[in-house]
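Trainee: I would like to learn how to read a structure like this one, feature by feature. Could we look at it together?

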Amino acid sequence: MVKVVEEAEKNGRKICLFYAESLQSCGGQIVYPKDYLKKCYQYLQSKGILCLADEVQSGFFRTGSHMWGFQTQSEDIVPDFVTIGKSMGNGHPVSCLITKKSIAQKFGEKGLKYFNTYGGNPVSMACANAVLDVIESENLQKQVIEVSKFMLDELEKLKQKHEIIGDIRGYGFFIGIDLVKSKKTREPAIELARIVLKLMLNAFILLSLDGPYSNVLKIKPPLCFNQENAEHLITTFDKILCDLKLKARL
């Protein structure tokens with residue numbers, strides 16, 4: 001990153017914005033090294049480069065420990081922009097851009113205007129407020145912490161049991177299962193990942209694949225996902241992998 005910024009400055013150019021998911025979702029459920037985003041933000045903001053935290057998939061207590069994904073890096077990290085959506089309306093199409101007052105004022109001072117026919121409409125606002133009310137009243141943060149701990153512990157056991165599981169990573173209800181042909185080579189098990197996905201779907205468990213090779217099984221259930229749901233997911237996943245292993249031997 002430093003090299004990119006320095007190269008731009010060397011050529012008389014300036015980078016205006018650093019845009020990154022707080023935890024990489026489409027990249028394969030990647031968790032950044034400790035303090036990575038904090039150090040990135042500190043360096044970039046010192047250069048006058050604005051930092052945007054994309055919380056569309058990691059926000060609203062999905063990580064369990066924090067409301068926002070970037071907070072898992074550090075309690076004092078402060079992005080210039082935060083984008084949120086999807087879970088913000090629990091299925092209702094609503095999204096939001098959060099920024100600092102100083103930045104918003106500059107936008108207006110330049111004479112720029114933004115108009116959206118449906119922006120801020122009362123139905124969408126009611127849906128978004130209801131989501132926040134339910135998260136608080138049903139203590140869903142606590143549920144995410146407890147259920148995800150169980151899931152991650154059980155998935156680690158399955159990792160020891162099945163050669164196809166190369167890695168388990170993530171926080172809370174933001175979990176990735178890296179499916180590989182061999183733990184030693186970590187070669188992506190692309191075709192097997194598609195088969196596992198289809199078999200899970202046949203068992204009425206809807207997951208998806210992510211990562212550069214589409215071999216990372218993504219687990220991102222709604223916050224109401226409970227202990228019983230988690231046990232069913234783990235049992236079904238284990239059975240599918242056992243069946244595939246048996247068929248491979250026949």
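Mentor: Let us start with Arg186, which counts as partly exposed because its relative accessibility is 36%; buried means under 20% relative accessible area, exposed over 50%, and partly exposed in between, with a 1.4 Å probe and protein chains only. Please keep in mind that this is a predicted model, in which local features need pLDDT of at least 70 and side-chain atom pairs count only at pLDDT 80 or more, while totals for chains, interfaces and linings use all residues. Residues are numbered from 1 along each chain as its sequence is written, and side-chain values use heavy atoms, with hydrogens and water left out.

Trainee: With which residue does the side chain of Arg186 meet in a salt bridge?

Mentor: Side chains of opposite charge can pair when their charged atoms come close. A salt bridge is a side-chain nitrogen of Lys or Arg within 4 Å of a carboxyl oxygen of Asp or Glu. Here the partner of Arg186 is Asp178, at 2.7 Å from N to O, and Asp178 is buried, since its relative accessible area is 8%. Asp178 also meets Arg169 in a salt bridge, at 3.7 Å from N to O, and both Asp178 and Arg169 are buried.

Trainee: Which residues are linked in a network of salt bridges?

Mentor: The network links Asp167, Arg169, Asp178 and Arg186. A search of the whole structure finds 14 salt bridges.

Trainee: Which parts does the pair of Lys47 and Glu9 tie together?

Mentor: In the salt bridge between Lys47 and Glu9, the closest N and O atoms are 3.5 Å apart. Lys47 lies in the loop between helix H2 (36-46) and E2, whereas Glu9 belongs to helix H1 (residues 2-10), so the pair ties together parts that are 38 residues apart in sequence. The helices (H or I, at least four residues) and strands (E, at least two) are DSSP runs, numbered from the N terminus. Lys47 is partly exposed at 33% relative accessibility, and Glu9 is partly exposed at 40%.

Trainee: Is Ser182 buried or exposed, and which backbone nitrogen does its side chain reach at 3.1 Å?

Mentor: Ser182, in the loop between strand E6 (174-179) and helix H6 (190-202), counts as buried at 18% relative accessibility. Its side chain reaches the backbone nitrogen of Lys184 at 3.1 Å, and a polar atom of that side chain lies 3.4 Å from the backbone nitrogen of Thr185. Ser182 also touches Glu163 and Glu187, not counting residues up to four places away in sequence. Ser182 and Glu163 are 19 residues apart in sequence and 6.3 Å apart in space, C-alpha to C-alpha.

Notes:
A polar contact is a pair of N or O atoms within 3.5 Å; within protein, one must be able to donate a hydrogen and the other to accept it, and residues adjacent in sequence count only if both atoms are side-chain atoms. Contact means heavy atoms within 4.5 Å.
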